[in-house]
Each structure stands twice: as structure tokens, then as C-alpha cells.
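Please read them with the structure open.

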Amino acid sequence: MSNAHVGSRIVGWGSNLPEKVLTNNDLADGGLDTSDEWIYERTGIRQRHVGGSTGEMSIHAGQQALDVAGVTGADIDLVIVATSTPDQLMPGTSATVHAELGIGGGACDMQAVCSGFSYALVAANGLIATGLERVLVIGADSLSPYVDWDDRSSAILFGDGAGAAVLERHTERTLLSFDLGADGTSRHIGYTDHDGKITMDGKEVFRTAVRAVTKSAQNAIDSAGLTIDDIDWFVPHQANVRIIEAIAQRIGLPMEKAIVTIQNTANNSAATIPIALDTAVRDARVQRGDTLLLGGFGFGMTWASAVMKWDPRD
Ligand code: COA
């Protein structure tokens, strides 16, 4: 088999959330003009975890993924930390992870906001096809320092967290297809300036996200040569459960097949997809042989979908 045809598969997974929990009632009791009912009905969120640094959470999630894979940092050829909230402007947070986990190979950050984990997974798969053996992919964000806690239209949505996956060379491809996209002309609808807070046009983000992910998910399913009926689990970015419902309805997927974790975590950006995946693997919803559709979007606007066979080691 030539290198160009070498595939990869996920052999380790993990996640981490900071201990401190802020419920919707905590926000309302703290003086924000909102209520648990409003937030839950409009977003599906009940609480968010806050207070972790991107580096710390990445290390914990990454270590869990290494343990599940039965490897050490020395066995990893590259660590990619997908984040838009690095601990420092430079170096990348991947440098901290590299040092603390004793990574044997290289380290870099990737910035595609909430689509970052899926972009990094696709990149890691490509790097394995060109020679690497094992890549640790982490999606981690600490959004709480960038939240304007007095702005009820955005404060309710965000939290902190990290999720990770070890991708390893395999004789078969498990990443069946992917669709990566962006529309940089929409970058003004959600952004954070240096030393600024998260600023967005929520309604426009909502509309753009539904449109983009619906098309992207359909593209990925088509290029895998599958139909929606072949998808066992949809592992979506967790920004608003109504966005997930709107996408599911448009692609013809019953909501029972969507992994929803947003009630506990809110939107922790690049971390949501690997946390949802870790959750659904640990609670045994996702089983060997299942076909997964990963799909998300982020400020930029960026979007990414991937169709994967779940085929961990025995
Ligand atoms: N609590 C109570 N009322 C609120 C509120 C809150 N937290 N936030 C807004 N409102 C009010 C508004 O002021 C408005 O009142 P009005 O009708 O008197 O003017 C009313 O509720 C409806 O607001 P609207 O903005 O239309 O609500 P919405 O259903 O669009 O929900 C978001 C707002 C932000 C939850 C929703 O647009 C969203 O989730 N967008 C996507 C954002 C996103 O995912 N960003 C990250 C991308 S990765």
C-alpha cells in the first residue's frame, strides 16, 4: 500500500471541563436581565463551566486521550491545538501541551474558531497520509474571559472546555469524506478584538450557520457516497440546540440521532465536537462500525463537516 492510501482512525478520546459551574439561575441572580426559562427555551442551555485556561484543559483532555489510546506523549508525532483563545499571543498553547505531555514530535495551534477541531482532524488525517504515525488533536477554548457578562444576548451562550482525540495510522480510511468551507466576507457578524469581548449579530450567525452546515453536511454525505439514512450519529457543534434542530430537519435526520451536550456545557467553541464525541463514546451510544457525521461552524464564518466510520482498536 502506498503512503497516499494510508488511512487513519481515532484510537483515543478525552475531555475536560473546569469545575466551576455557572447555571442560568446564577446569571439571573447575578443581575443579568434573563431567566432560566428564556435561556433554555431559546438555546437548550442550562449551565456552563468556566474558569479553566486553554492550556490546562488541553493537558487534561489530551492525557485522557493518550491513556485511552494506550500511548504516551513520546509516541505522538504532532500535537495540534485548535483554539481561538490561546493562553498567550505567542507561543501557541500547543507549546504548553507539548512540554507537559512530553510530546515526541511537533506542535502547532490552529485557528478556525468553532470549526477548529474538525479542520484539525482533517489536517491530521492528511499528515498521516504523508508519513506521520500518530497525531493528538485537541479542541480547547476558554471563552469566559472574553464574554461581556452584562450583555444578555451573548453572555448566556458561552463557556470553557476541551476535548481531544488521538488519530493513528490505519490500513483503512475511516475518514470517509469531508467538506471544509469559509466565507470571509461574513467575518464581521462575529468577532473579538484584541483586549475586546465577544461581539456578534446573533440572528445573522444563526441564519448563516444553518444555511452553511446544511449544505456542507449534505456535501460530505454525498461525497462519501452515502445517504442520510446511513448516518448513525450526528455530532454537531453545540452553539444553540435550535440550530442543531434546524440543520437536522433540513438534512432529514431525526433528532434522536443528534448528540446534544449543550445543556451542560454551553458553547465552548472548538471543544464542543470532541466533548460531544467523548460523551457519546463513553455512554456507549456510539458503537464500533457506526457512521458519524461531524458538523460545525464558527466565526469567520467557517464551517466543516466530516463523515467517519467509528473503528477504534480492539
Ligand atoms: N434573556 C431574556 N431575553 C432576551 C435575552 C436573554 N438572555 N437575550 C435577548 N432577549 C430578548 C431580546 O431583547 C428580544 O426582546 P424584544 O423582542 O423585546 O426586542 C427578544 O428576547 C428576542 O431576541 P432575539 O435576539 O430575537 O432572540 P433569538 O431567539 O434570536 O435568540 C440568540 C438570540 C443569541 C440566542 C440566537 O440568535 C442565537 O443563538 N444565535 C446564534 C449565536 C451563536 O451561535 N454564536 C456563536 C457562533 S459559533
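1. The ligand has 24 residues around it, and those that come nearest are Thr34, Arg42, Arg152, Lys203 and Asn240. Keep in mind that this is a predicted model, and that the distances below are computed from it.

2. For Arg152, an N or O atom of the side chain is 2.8 Å from a ligand oxygen. For Asn240, an N or O atom of the side chain is likewise 2.8 Å from an oxygen atom of the ligand.

3. A polar backbone atom of Gly202 lies 2.9 Å from a nitrogen atom of the ligand.

4. How much of the ligand does the protein bury? The ligand taken alone exposes 960 Å², and the protein buries 74% of that area. The space that the ligand takes is the largest pocket.

5. Which elements give two or more residues to the shell around the ligand? They are helix 2 (36–43), helix 6 (152–155), helix 7 (202–223) and helix 8 (241–251). Helix 7 provides the largest share of the shell, with 4 residues.

6. The shell can also be sorted by residue type: 12 of its residues are nonpolar, 7 are polar and 5 are charged.

7. Finally, consider the domains. Domain 1 (3–170) and domain 2 (175–309) each supply at least three residues to the shell around the ligand.

Note on methods
Residues numbered from 1 in each chain as written. Predicted model: local features only at pLDDT ≥ 70, side-chain atom pairs only at ≥ 80, totals over all residues. Heavy atoms only, no water. Near = heavy atom within 4 Å. Polar contact = N/O pair within 3.5 Å; in protein donor to acceptor, adjacent residues only side chain to side chain. Areas by Shrake-Rupley, 256 points an atom, 1.4 Å probe, with all protein chains shown as cover. 1 Å grid on protein atoms, 1.4 Å probe; cavity = no way out; pocket = protein on both sides within 12 Å on 5 of 7 lines; lining within 4 Å. Sits in = over half its atoms within 2 Å of the grid points. Nonpolar A, V, L, I, M, F, W, Y, C, P; charged D, E, K, R; others polar. Domains from an automatic or database assignment.
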